[in-house]
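Hi everyone, thanks for coming. Today I'd like to walk you through one structure, step by step, so please have a look at it with me.

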Amino acid sequence: MSATITRSAQDQAAVNEAATRLALYHFQRCPFCVRVRHQIERLDVPIELRDIQRDPDHRRDLIAGGGRGMVPCLRIAHEDGRIEWMYESADINRYLEQRFGG
(Lines give C-alpha, C1' and ligand atoms only; values in the text may rest on other atoms or scores of the structure.)
Protein backbone atom coordinates (compact mmCIF):
# COMPACT_ATOMS: atom_id res chain seq x y z
CA MET A 1 0.00 0.00 0.00
CA SER A 2 1.26 3.46 -0.85
CA ALA A 3 2.07 6.11 1.71
CA THR A 4 -0.58 8.52 2.92
CA ILE A 5 -1.22 11.46 0.60
CA THR A 6 0.12 14.82 1.77
CA ARG A 7 -1.59 18.00 0.59
CA SER A 8 -1.38 21.71 1.21
CA ALA A 9 -3.87 23.05 3.75
CA GLN A 10 -5.89 24.62 0.93
CA ASP A 11 -6.01 21.39 -1.05
CA GLN A 12 -6.95 19.37 2.05
CA ALA A 13 -9.75 21.85 2.79
CA ALA A 14 -11.13 21.21 -0.73
CA VAL A 15 -10.92 17.44 -0.15
CA ASN A 16 -12.67 17.81 3.21
CA GLU A 17 -15.46 19.81 1.56
CA ALA A 18 -15.89 17.23 -1.23
CA ALA A 19 -15.98 14.43 1.36
CA THR A 20 -19.12 15.90 2.94
CA ARG A 21 -20.99 14.51 -0.08
CA LEU A 22 -19.81 10.95 0.62
CA ALA A 23 -20.71 8.24 3.12
CA LEU A 24 -19.43 4.68 3.33
CA TYR A 25 -21.82 1.99 4.48
CA HIS A 26 -19.72 -0.80 5.97
CA PHE A 27 -19.18 -3.09 8.90
CA GLN A 28 -16.03 -3.63 10.88
CA ARG A 29 -15.06 -7.21 9.98
CA CYS A 30 -15.98 -7.16 6.28
CA PRO A 31 -12.68 -7.74 4.41
CA PHE A 32 -13.85 -5.72 1.39
CA CYS A 33 -14.80 -2.86 3.69
CA VAL A 34 -11.32 -3.03 5.25
CA ARG A 35 -9.80 -2.49 1.79
CA VAL A 36 -11.94 0.59 1.22
CA ARG A 37 -11.24 2.00 4.69
CA HIS A 38 -7.49 1.60 4.04
CA GLN A 39 -7.86 3.53 0.79
CA ILE A 40 -9.81 6.26 2.58
CA GLU A 41 -7.09 6.49 5.22
CA ARG A 42 -4.28 6.49 2.63
CA LEU A 43 -5.96 9.26 0.65
CA ASP A 44 -6.75 11.22 3.86
CA VAL A 45 -10.40 11.73 2.95
CA PRO A 46 -12.69 12.25 5.96
CA ILE A 47 -15.64 10.19 4.71
CA GLU A 48 -18.46 9.50 7.14
CA LEU A 49 -18.53 5.81 8.08
CA ARG A 50 -21.97 4.27 8.60
CA ASP A 51 -21.75 0.87 10.29
CA ILE A 52 -24.79 -1.18 9.29
CA GLN A 53 -24.29 -3.75 12.06
CA ARG A 54 -24.10 -1.24 14.90
CA ASP A 55 -26.82 1.10 13.66
CA PRO A 56 -30.02 -0.44 12.24
CA ASP A 57 -31.03 2.95 10.82
CA HIS A 58 -27.96 2.91 8.56
CA ARG A 59 -28.88 -0.57 7.32
CA ARG A 60 -32.43 0.56 6.58
CA ASP A 61 -31.15 3.67 4.76
CA LEU A 62 -28.77 1.55 2.68
CA ILE A 63 -31.50 -0.84 1.60
CA ALA A 64 -34.01 1.95 0.96
CA GLY A 65 -31.55 4.06 -1.02
CA GLY A 66 -29.27 1.56 -2.69
CA GLY A 67 -31.69 -1.30 -2.99
CA ARG A 68 -29.38 -3.86 -1.34
CA GLY A 69 -27.94 -4.45 2.12
CA MET A 70 -24.53 -5.33 0.68
CA VAL A 71 -21.36 -3.58 1.85
CA PRO A 72 -19.17 -1.80 1.16
CA CYS A 73 -21.34 0.81 -0.48
CA LEU A 74 -20.29 4.39 -1.12
CA ARG A 75 -23.15 6.89 -1.19
CA ILE A 76 -22.24 9.78 -3.46
CA ALA A 77 -24.38 12.93 -3.44
CA HIS A 78 -23.58 14.62 -6.74
CA GLU A 79 -23.72 18.39 -7.05
CA ASP A 80 -26.75 18.12 -9.37
CA GLY A 81 -28.68 16.45 -6.53
CA ARG A 82 -28.44 12.93 -7.95
CA ILE A 83 -27.55 10.19 -5.44
CA GLU A 84 -25.33 7.33 -6.59
CA TRP A 85 -24.89 4.09 -4.64
CA MET A 86 -21.57 2.48 -5.57
CA TYR A 87 -21.08 -1.13 -4.54
CA GLU A 88 -17.93 -3.25 -5.01
CA SER A 89 -14.72 -2.39 -3.20
CA ALA A 90 -12.61 -2.26 -6.39
CA ASP A 91 -14.99 0.26 -7.99
CA ILE A 92 -15.08 2.36 -4.83
CA ASN A 93 -11.29 2.35 -4.48
CA ARG A 94 -10.86 3.27 -8.15
CA TYR A 95 -13.36 6.15 -7.78
CA LEU A 96 -11.58 7.44 -4.65
CA GLU A 97 -8.17 7.21 -6.33
CA GLN A 98 -9.39 9.12 -9.39
CA ARG A 99 -11.21 11.73 -7.29
CA PHE A 100 -8.67 12.26 -4.49
CA GLY A 101 -5.44 10.61 -5.55
CA GLY A 102 -3.96 13.74 -7.01
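I'll start with the sheet, then move to the helices, and finish with a few backbone details.

First, some ground rules. This is a predicted model, where local features need pLDDT of at least 70 and side-chain atom pairs count only at pLDDT 80 or more, while totals for chains, interfaces and linings use all residues. Residues are numbered from 1 along each chain as its sequence is written, and side-chain values use heavy atoms, with hydrogens and water left out.

Now the sheet. Helices (H or I, at least four residues) and strands (E, at least two) are DSSP runs, numbered from the N terminus. Two strands pair if DSSP finds at least two bridges between them. As a reminder, strands of a sheet pair through backbone hydrogen bonds, either parallel or antiparallel. Here we have an open sheet of 4 strands in the order 2-1-3-4, with mixed pairing. Strand 2 and strand 4 stand at the edges with a single partner strand each, so one side of each has no neighbour in the sheet.

Which strands does strand 1 pair with? Strand 1 (residues 22–26) is joined to strand 3 (residues 73–77) by 4 bridges, running antiparallel, and to strand 2 (residues 48–51) by 4 bridges, running parallel. Leu24 makes a handy landmark: Leu24 stands opposite Leu49 in strand 2 and opposite Leu74 in strand 3.

Is strand 1 covered or open? Mostly covered: 5 of its 5 residues are buried, where buried means under 20% relative accessible area, exposed over 50%, and partly exposed in between (1.4 Å probe, protein chains only). Leu22, Leu24 and His26 point one way, and Ala23 and Tyr25 point the other.

Let's stop at Arg50, in strand 2. Arg50 is buried, at a relative accessible area of 17%.

On to the helices. Helix 2 and helix 4 (residues 89–100) pack at an angle of about 5°, with axes 9 Å apart. Axes are lines fitted to C-alpha atoms, for helices over the stretch in contact, and angles run from 0 to 180 degrees between N-to-C directions. The two helices are therefore roughly parallel, since angles under 35 degrees count as roughly parallel, over 145 as roughly antiparallel, 65 to 115 as roughly perpendicular and the rest as oblique. Contact means heavy atoms within 4.5 Å, and the residues making it include Phe32 and Val36 of helix 2 and Ile92 and Leu96 of helix 4.

Last, the backbone. Most residues other than glycine have a negative phi, and most peptide bonds are trans. Asp44, in the loop between helix 2 and strand 2, has a positive phi near 55°. Glu88 also has a positive phi, about 80°, and lies in the loop between strand 4 (83–87) and helix 4.
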